[in-house]
Amino acid sequence: LDPERSEHHFGLAKTLDCMDNHRAAFESFRKAVELKPDWAGAIGEMGKQCMKLGDYPQAIAAFERAIA
């Protein structure tokens, strides 16, 4: 995992999501977005993790950001 490549964090996050580790998946998606702030797909995935964690206000904010 190259810590400076957003795609690596995204791939890790997808794997963590498949393992139902939604908190860690959220953090990996967050890091991917931090490295590539305009990546709508990663922002949307971050929103999905928020929904799975029950944080609906943050999920809505992420989805709105993804489509902006």
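Visitor: What should I keep in mind about the numbering and the model?

Guide: Residues count from 1 along each chain as its sequence is written, and side-chain values use heavy atoms, with hydrogens and water left out. The model is predicted, so local features need pLDDT of at least 70 and side-chain atom pairs 80 or more, while totals for chains, interfaces and linings use all residues.

Visitor: Why is the pair of F10 and F29 called edge-to-face?

Guide: Rings of Phe, Tyr and Trp (its six-membered ring) pair if their centres lie within 6.5 Å; planes under 30 degrees apart are stacked, over 60 edge-to-face, and the rest tilted. The centres of F10 and F29 are 5.3 Å apart and the planes sit at 70 degrees, so this pair is edge-to-face. F10 is in helix α1 and F29 in helix α2, 19 residues apart. Helices here are DSSP runs of H or I with at least four residues, strands are E runs of at least two, and both are numbered from the N terminus.

Visitor: And what makes F10 and W39 stacked?

Guide: Their centres are 4.7 Å apart and their planes at 25 degrees, so that pair lands in the stacked class. W39 lies in the loop between α2 and α3, so the pair ties F10 in α1 to a part 29 residues away in sequence. F10, F29 and W39 make up one aromatic cluster.

Visitor: How do you know that the charged end of K36 sits over the ring of W39?

Guide: For that, NZ of Lys or CZ of Arg must be within 6 Å of the ring centre and within 35 degrees of the ring normal. The charged end of K36 is 5.2 Å from the centre of the W39 ring, and it does count as sitting over that ring.

Visitor: Why is D20 called exposed?

Guide: Buried means under 20% relative accessible area, exposed over 50%, and partly exposed in between (1.4 Å probe, protein chains only). D20 has 58%, so it counts as exposed. D20 lies in the loop between α1 and α2.

Visitor: Which residues of α4 are buried?

Guide: A59, A62 and A66. The face turned away from the buried side of α4 carries the exposed P57, E64 and I67.
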